[in-house]
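Colleague: Hi! Could you walk me through this one while I have it open?
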Amino acid sequence: GSTAALCSGHVTWFSTREEPIVYINERPYILREEALPFSNMASYTGITAARLEALEARLKRDILSEARRNGNLLLVHEEREGGQIIPCLMTPHSV
């Protein structure tokens with residue numbers, strides 16, 4: 001879940017999810033187990049904020065490294081209507 005607080009015309013957003021999240025081209029992506037693409041990974045339950053931030057930083061480095069190795073292309077999986085998960089190649093302009 002997430003919460004937002006409105007202060008002086010600015011929005012502060014807090015993510016309370018217990019899993020690493022990274023934004024690629026302004027879209028959120030999270031890690032999932034291949035066999036359970038719609039479930040949170042149990043290994044992140046109770047994760048500390050410091051560990052979560054470290055995992056997100058590592059995920060960003062891995063994404064940028066993978067894109068460099070593959071001609072600036074990154075493999076992601078996207079959910080389509082009806083719950084279909086499909087692999088897609090994308091160029092990460094921002095991470």
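Modeller: Happy to. This is a predicted model. Let's start at Cys88: beyond its neighbours within four places in sequence, Cys88 is in contact with Leu74, Leu75, Val76, Glu78 and Arg80.

Colleague: Which nonpolar core is the largest, and what makes it up?
Modeller: The largest nonpolar core has 9 residues: Val22, Ile24, Tyr29, Leu59, Ile63, Leu74, Val76, Cys88 and Met90. At least two residues of this core come from each of E3, helix H1 (49-69), E5 and strand E6 (84-90).

Colleague: Back to Leu75, then. Where is Leu75 found?
Modeller: Leu75 is in strand E5.

Colleague: What does Leu75 touch?
Modeller: Setting aside neighbours within four places in sequence, Leu75 is in contact with Glu66, Pro87, Cys88 and Leu89. As for Pro87, its C-alpha lies 6.7 Å from that of Leu75, with the two residues 12 apart in sequence.

Colleague: New topic: Glu78. Where does Glu78 lie?
Modeller: Glu78 lies in strand E5, which spans residues 74-80.

Colleague: Is Glu78 buried or exposed?
Modeller: Buried, because its relative accessibility is 12% and the cut-off for buried is under 20%.

Colleague: Which side chains make polar contacts with the side chain of Glu78?
Modeller: The side chain of Arg27 is one of them, at 3.0 Å. Tyr29 is another, its side chain joined to that of Glu78 by a polar contact of 2.7 Å. Tyr29 also belongs to the largest nonpolar core.

Colleague: What else is Glu78 in contact with?
Modeller: Apart from Arg27 and Tyr29, and leaving out neighbours within four places in sequence, Glu78 is in contact with Gln84, Ile85, Ile86 and Cys88.

Colleague: Last one, Glu19. Where does Glu19 lie?
Modeller: In the loop between strand E2 (10-15) and strand E3 (21-24).

Colleague: Why does Glu19 count as buried?
Modeller: Because its relative accessibility is 2%, and buried means under 20%.

Colleague: What polar contact does the side chain of Glu19 make?
Modeller: The side chain of Glu19 makes a polar contact with the side chain of Arg32, at 2.6 Å.

Colleague: And which residues does Glu19 touch?
Modeller: Not counting residues up to four places away in sequence, Glu19 touches Arg32 along with Ile30, Leu31, Asn40, Met41, Tyr44, Leu52 and Glu56.

Colleague: Great, thanks for the tour!

Technical notes:
Residues numbered from 1 in each chain as written. Predicted model: local features only at pLDDT ≥ 70, side-chain atom pairs only at ≥ 80, totals over all residues. Heavy atoms only, no water. Helix = DSSP H or I, 4+ residues; strand = E, 2+ residues; numbered from the N terminus. Buried < 20%, exposed > 50% of the residue type's maximum accessible area, 1.4 Å probe, protein only. Polar contact = N/O pair within 3.5 Å; in protein donor to acceptor, adjacent residues only side chain to side chain. Contact = heavy atoms within 4.5 Å. Core = buried A, V, L, I, M, F, W, Y, C linked by side-chain atoms within 4.5 Å.
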